[in-house]
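Student: I have a structure open on my screen and would like to learn how to read it. Could you take me through some features, starting from a single residue?

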Amino acid sequence: MKAADDYVPVELWHEAKDFIRLISDDVEIFDKFRSFEKQLSEEALKFVAWWSLKRYIDYPHSLILLYENIGRIDIEIGSYDVLDGFRKLEHKLVLLYRLLKDKGMINE
């Protein structure tokens, strides 16, 4: 009966994959455009490094924490537009970083 206890619906696998892709895309966009900015948030840069090094593998529950809070963070950030899109993305990464740091999933 152990196999039945371990069953995870396919929909959840797809949702998890989409979530990881979403964060990875945000990190990639930030990484590509950061060369055009002079003053960058150290916290955003640390989150980018943490994500790029796949540190979430060391903290699997970090993905659940981020997933559970991404809706709240997106509401706080608001919609992106051409003029402030990069700064809003940077702020999103800062909030993700702070969430992980507060829960002890990022060590400095």
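Student: Let's begin with Phe33: what does its relative accessibility make it count as?

Tutor: Keep in mind that this is a predicted model. Partly exposed is the class between buried, under 20%, and exposed, over 50%. Phe33 has 45% relative accessibility, so it counts as partly exposed. You will find Phe33 in helix 2, which covers residues 10–33.

Student: Let me step back to the whole chain. How many helices and strands are there?

Tutor: The protein has five helices and zero strands, giving the pattern α-α-α-α-α along the sequence. Of its 108 residues, 32% are buried. The accessible surface amounts to about 7400 Å², with 58% of that belonging to carbon and sulfur atoms. As for contacts between residues at least 6 apart in sequence, 64% join residues at least 24 apart.

Student: Next, salt bridges. What should I look for?

Tutor: Look for a side-chain nitrogen of Lys or Arg within 4 Å of a carboxyl oxygen of Asp or Glu. By this rule, twelve salt bridges are counted here. One of them pairs Lys32 with Glu28, with 3.1 Å between the closest N and O atoms.

Student: Why are Lys32 and Glu28 separated by about one helical turn?

Tutor: Here is the general idea: an α-helix has 3.6 residues a turn, so residues three or four places apart point the same way. In this case, Lys32 and Glu28 sit four residues apart in helix 2, so about one helical turn separates them. Lys32 is exposed because its relative accessible area is 54%, while Glu28, at 40%, is partly exposed.

Student: Which residue forms a salt bridge with Arg55?

Tutor: That is Asp58, and the closest N and O atoms of the pair are 2.9 Å apart. Arg55 counts as partly exposed at 31% relative accessibility, and Asp58 counts as partly exposed at 49%. Salt bridges can also share partners: Asp26, Asp74 and Lys92 are joined into one network that way.

Student: How do I check the span of a helix, say helix 4?

Tutor: Compare its end-to-end distance with what 1.5 Å a residue predicts. Helix 4 (residues 60–77) has 18 residues and should span 26 Å; its end C-alpha atoms lie 25 Å apart, so the two values agree. Helix 4 does bend by about 45° at Ile70. Ile70 is also among the buried residues of helix 4, which include Leu63, Leu66 and Ile73. After helix 4 comes Gly78, with a positive phi near 85°.

Student: What does helix 5 give on the span check?

Tutor: Helix 5 (residues 85–102) reaches 26 Å from first to last C-alpha, close to the 26 Å expected for its 18 residues. Its buried residues include Phe86, Leu89, Leu93, Leu96 and Tyr97. Glu90 and Lys92 are buried in helix 5 as well. Just after helix 5, Gly104 has a positive phi of about 75°.

Student: Which residue has a positive phi although it is not a glycine?

Tutor: Lys54, with a phi of about 55°. Lys54 lies in the loop between helix 3 and helix 4, and is partly exposed because its relative accessible area is 45%.

Student: One more loop residue, please. Is Gln39 buried or exposed?

Tutor: Gln39 counts as exposed, because its relative accessibility is 68%. The residue is placed in the loop between helix 2 and helix 3. Leaving aside residues up to four places away in sequence, Gln39 touches Arg87 and Glu90.

Key
Residues are numbered from 1 along each chain as its sequence is written. This is a predicted model: local features need pLDDT of at least 70, side-chain atom pairs count only at pLDDT 80 or more; totals for chains, interfaces and linings use all residues. Side-chain values use heavy atoms; hydrogens and water are left out. Helices (H or I, at least four residues) and strands (E, at least two) are DSSP runs, numbered from the N terminus. Buried means under 20% relative accessible area, exposed over 50%, partly exposed in between (1.4 Å probe, protein chains only). The expected span of a helix is 1.5 Å times one less than its number of residues. The bend at a residue is the angle between axes fitted to the seven residues ending there and the seven starting there. Contact means heavy atoms within 4.5 Å. Accessible areas come from the Shrake-Rupley method with a 1.4 Å probe; for residues, only the protein chains shown count as cover.
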